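Please read the points alongside the sequence and the coordinates.

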Amino acid sequence: MSCCSANALLTPSFPVPRRKKTRHVITTFTIPRCHVRPRMSLQQPLTAINKLLWGNSLPPQLLISTVRSAWSATWHLFMSQLAPSNPSGGYSRPPSQFPANPNAPQFPRQNPNFLHLYVGLPCPWAHRTLIVRALKGLENAVPVSIAAPGTDGSWEFRNGPAPEGEGDRFVPGLDKANGCRTLREVYRLRRGGYEGRSTVPMLWDVKKKEVVCNESYDIIELFNSGLNGLAGNPGLDLAPPALKGRIEEWNRVIYPNVNNGVYRCGFSQSQEAYDTAVNELFSTLDMLDDHLGGCRYLCGDMLTLADICLFTTLVRFDLVYNVLFKCTKKKLLEYPNLHGYMRDIYQIPKVAETCNFQAIMDGYFGILFPLNPGSIRPVMPSGCEHEALIRPHNRESLSSSADQIMALHVS
């Protein structure tokens, strides 16, 4: 019997009585069992070939060496494109192609319809723009389109309903300003076109069809002080003149050693480069943890742009960088002051809604092929879940003034 119905598979063998003249004869019919071949997986042919060639033993040493050399060469080729390096194998981040001065006249300020923000949720540099936009109440003044990383590593826009359980959190969607399929297409709309790296965040002038800026710090400075006439919370100043010097000092420490430091660890192409990067990263984290034991924020009682820039790296640390980028000396959870500080900022109204942890993990573990060839995404650490991050941080006692805290709660 070559096949059988689903109903037959559910019917057991049973006796059927039949009558003959003076005696009863019981004839038993047995329904044959259906043998269904399991669907062959992609790994089964490879397993069969391996057994045919080598049985249960390992492949020959020559083959192992050849494959290892080929993979190493391919890995360095991929990394050279993904993460350009200096002669010592250290990661060298390319500069933004469209930096700008927020005080320059090319920044449109009068009509909110002229500005549009493009971001990607995995990116910490884009994340800082979402946070400042939210805290300043610029959601209506500066609409946002959220791209997702495609399989080739480029940013693309997606059509479809938001995943279940996302609630009010940001999720990838369509290009609301230009209707493009990819961010590369948006960049190419500008006068003269564009063939460089299509990065996020990117601020776009809808009227002129032009890139206003794609340098994250320039954008958050503009959002903080350049659009107060359009902001819902204009009284909040994340870079007051009295603190600008200290903010710049912190940025000079945090950017190379922490923000870019985790990338220098993950994208190192030599042991020497990795050792240097990881030592600088954790010595800086040690210093920050000591400093934050005596003050609520980096510059004292006031949340500043420096805190926002540090936060977007810290909130990804145990989630991604500790494992994927080999920042394994300590988890952020092991730094009591830094972890409490990160939870403190996460609990500021509107900040948590900018953090989509599933999208962050998908973006790193699913797309960075040279670092995770199998694209297997690990389970989310319990300490990174929303419920863990809203636990009391008890850092209010470090503040001597509640003025700015009140401003942060104004929406």
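1. Strand β3 (residues 115-120) runs parallel to β4, to which it is joined by four bridges. Within this pairing, V119 has I146 of β4 as its bridge partner. It should be kept in mind that the model is predicted.

2. Strand β4 (residues 144-149) is largely enclosed by the rest of the structure, because six of its six residues are buried. The burial extends to both faces: V144, I146 and A148 lie on one side, and S145, A147 and P149 on the other.

3. These strands belong to an open sheet of five strands with mixed pairing, in the order β5-β4-β3-β6-β7. Its edges are formed by β5 (155-156) and β7 (210-213), each of which pairs on one side only.

4. Strand β6 (residues 202-205) and β7 are antiparallel and share three bridges. Here D205 is placed opposite E210 of β7. Helix α6 (residues 216-226) packs on the sheet, where it touches β3, β6 and β7. The direction of α6 makes about 60° with that of β6.

5. A further point concerns helix-helix packing. Helix α7 (residues 244-259) packs with helix α10 (residues 305-324) at an angle of about 15°, the axes being 9 Å apart. The two helices are therefore roughly parallel, and their crossing is left-handed.

6. On the α7 side, the contact is made by I247, W250, N251, I254, V258 and N259, and on the α10 side by A306, C309, L310 and T313. Of the residues in this contact of α7 with α10, seven are nonpolar and three polar, with no charged residue.

Note on methods. Residues are numbered from 1 along each chain as its sequence is written. This is a predicted model: local features need pLDDT of at least 70, side-chain atom pairs count only at pLDDT 80 or more; totals for chains, interfaces and linings use all residues. Side-chain values use heavy atoms; hydrogens and water are left out. Axes are lines fitted to C-alpha atoms, for helices over the stretch in contact, and angles run from 0 to 180 degrees between N-to-C directions. Angles under 35 degrees count as roughly parallel, over 145 as roughly antiparallel, 65 to 115 as roughly perpendicular and the rest as oblique. A crossing is left-handed if the near helix is turned anticlockwise from the far one by less than a right angle, and right-handed if clockwise. Contact means heavy atoms within 4.5 Å. Ala, Val, Leu, Ile, Met, Phe, Trp, Tyr, Cys and Pro count as nonpolar, Asp, Glu, Lys and Arg as charged, and the others, Gly among them, as polar. Buried means under 20% relative accessible area, exposed over 50%, partly exposed in between (1.4 Å probe, protein chains only). Two strands pair if DSSP finds at least two bridges between them.
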